[in-house]
Amino acid sequence: MKITDMKVHMMQVPLVRPFRISLGVITHAVSCLVEIETDAGITGYGEGSPGPLITGENLPGTVETLRVFREKLIGMDPRDIEGINAVMNRAVAYAGTAKAAVDIACHDILGKAAGLPLYKLLGGLSNTIETDMTVGIDTPELMAGAKEHVAAGFRVIKTKVGTNIADDIARVKAIREAVGDDVKIRLDANQGWHAREAVELLKRLNEYDIELVEQPVRRFDFEGLKYVTANSPVPVMADESCWDSKDALRLVSERAVDFINIKLMKCGGLWEAKKIVNIAEAAGVEIMLGCMAEESGIAINAAAALGAALGNITRADLDASFSLKALPYEGGFTIENTKDLVLSENPGLGLVRLKEEMFQ
Ligand code: MG
C-alpha cells in the first residue's frame, strides 16, 4: 500500500463560550484536518490542532509543515508508522501538531486495513473511557456552575486556576461547596505559580480534597516542579513540562512528578504517546490522556482509543468537543452517561466522513 496524496483542510469553529486559562483566552476550535489517500482505496483521517498558548504553533505554520511532510510521504506505506515518524522527525524538528495529524491518519489507515477499531490495535483493554469536565477561569460565582456538570452526570471536575492566591482559593472553595463531597476536583494551574507559592497555596487548598494539580510552575522550571512534588500535600501532574518520551524519562527518573498528562499535539501522535505510557508505567507513574482546548474531536477519537486500550492510562481530560457548536465529522465515539466516550467498533477511528461544508 502506498500514499498517493495528502489533502490538508483548515477549520475554525467557535466555542459555545470563550474558555479562559492562566495563559490567555481560547475562543475557537482551530484545526488542520488531513486526509491521507492510498492506492488501496483506503483514506485515513487525522487532525492537528495548534494551541499557541501551549505549543507555540499556529494554523498557517502547521499547514506549511504538512506541505513539507506531504512531499516526503507520498509513495511511502502508511502502515509503516515507525518509518513515517522517522521521516517526519528528520524533516522538521518539534511541530508535534502537524506530526500528530499524519500519525493519527496513518493509524486510521492501519485500522481500516486490518479491519479493526483503533482501540483494539492499540491494546484493547476497554472500548470506553470516562472524561472529566473542565471549568475555565472566571468569578467564583460563575465557576460554582460546575454543579450543573455534576447534575448532568460528570464525576470529576477539572478547574483552571493559576492567577493569584486569593482568587484561586475563592474559586476552589466555591466549586467544592457547590458540587459537594463526592465529586473529584483536579486543578490545572497552567504554569501560573512559582514553586514556593504553589506549595503554600496547595497546603491551603488541600482542605478542599484535591485529587491532583497539573503544571503548577513554568514548563522549564524542572527544579521547581520537583520542589512542589516533594513538598505539596496535593499530587502533581506534569503537562507542559512533558512533551515527549525524553521528557517523561527525566521526570520519572528524578521523581519530579506523580502523574503525566499526554496530549497528542505535544508529543506528535500515538506512536510517541505509547513510548511515554510505557516509560511511565515502568516507573509506577499513571497517565492522563488530555487534549487541546482547540481540538474538534477527530484527534480526541484517537486519544480516547489509546486511553481505553491501555491500563496505565487511568484518567482522561477529553472534553474539548463538548464545547463546540458543531462537530466537523460524522461517526466516531458516542457519549453515554454524559461522561463516557464509547469508541466506535468500525475500523480505524470509526469516522464516517468529514463535513466538507465546515472547511475554510
Ligand atoms: Mg493542563
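The following legends describe close-up views of a predicted model.

**Figure 1. The magnesium site of the predicted model.** Three residues coordinate the magnesium ion: D188 through OD, E214 through OE and D239 through OD, at 2.1 to 2.2 Å. Along the sequence these donor residues follow the spacing D-x25-E-x24-D. D188 belongs to strand 7 (residues 184–188) and E214 to strand 8 (residues 210–214), so that the pair, 26 residues apart, links distant parts of the chain. D188 and E214 are both buried.

**Figure 2. The loops on either side of strand 8.** Two residues with positive phi are shown. D209 lies in the loop between helix 8 and strand 8, and its phi is near 60°, a positive value in a residue other than glycine. Q215 lies in the loop between strand 8 and helix 9. Q215 is not a glycine either, yet its phi is positive, at about 40°. Q215 counts as buried because its relative accessible area is 0%, under the 20% limit.

**Figure 3. Packing of helix 8.** Helix 8 spans residues 195–205, and its buried residues are A195, A198, V199, L201, L202 and L205. These buried residues pack against helix 7 (165–179), strand 7, strand 8 and helix 9 (222–231). L205 is also one of the residues that touch the most other members of the largest nonpolar core.

**Figure 4. The nonpolar cores.** The largest nonpolar core has 92 residues, of which L187, L205, I260, L264, I287 and L318 touch the most other members. Helix 13 (residues 298–309) gives the most to this core, contributing 10 residues. In soluble globular proteins, nonpolar side chains tend to be buried together. Leaving aside residues up to four places away in sequence, I287 touches I260, I262, I276, V277, A280, N312, I313, T314 and R315.

**Figure 5. The largest pocket.** The space in the largest pocket amounts to about 880 Å³. Its lining comprises 38 residues, and those nearest the centre are F19, T134, V135, G136 and S323. Strand 1 gives the most to this lining, with seven residues. The elements that each supply at least two lining residues are strand 1 (3–21), strand 5 (133–135), helix 5 (140–143), helix 6 (146–152) and strand 6 (156–160). By class, the lining of the largest pocket has 19 nonpolar, seven polar and 12 charged residues.

Figure 6. The model contains one cavity of 30 Å³ or more. The largest cavity holds about 50 Å³ of space. P117, L118, Y119, N301, A305, L343, S344, G348 and L349 line the largest cavity, and helix 4 and helix 13 are the elements that give two or more residues to this lining. Six of the lining residues are nonpolar and three are polar, with no charged residue.

**Figure 7. K120 in helix 4.** K120 is located in helix 4 (residues 118–122). Because its relative accessibility is 43%, K120 counts as partly exposed. K120 and A308 are 188 residues apart in sequence, and their C-alpha atoms are 9.3 Å apart in space.

Note on methods. Residues numbered from 1 in each chain as written. Predicted model: local features only at pLDDT ≥ 70, side-chain atom pairs only at ≥ 80, totals over all residues. Heavy atoms only, no water. Donors = N, O, S within 2.8 Å, 3.2 Å for Na, K, Ca; no water. Helix = DSSP H or I, 4+ residues; strand = E, 2+ residues; numbered from the N terminus. Buried < 20%, exposed > 50% of the residue type's maximum accessible area, 1.4 Å probe, protein only. Core = buried A, V, L, I, M, F, W, Y, C linked by side-chain atoms within 4.5 Å. Contact = heavy atoms within 4.5 Å. 1 Å grid on protein atoms, 1.4 Å probe; cavity = no way out; pocket = protein on both sides within 12 Å on 5 of 7 lines; lining within 4 Å. Points joined across faces, edges and corners; volume = space filled by probe spheres on them. Nonpolar A, V, L, I, M, F, W, Y, C, P; charged D, E, K, R; others polar.
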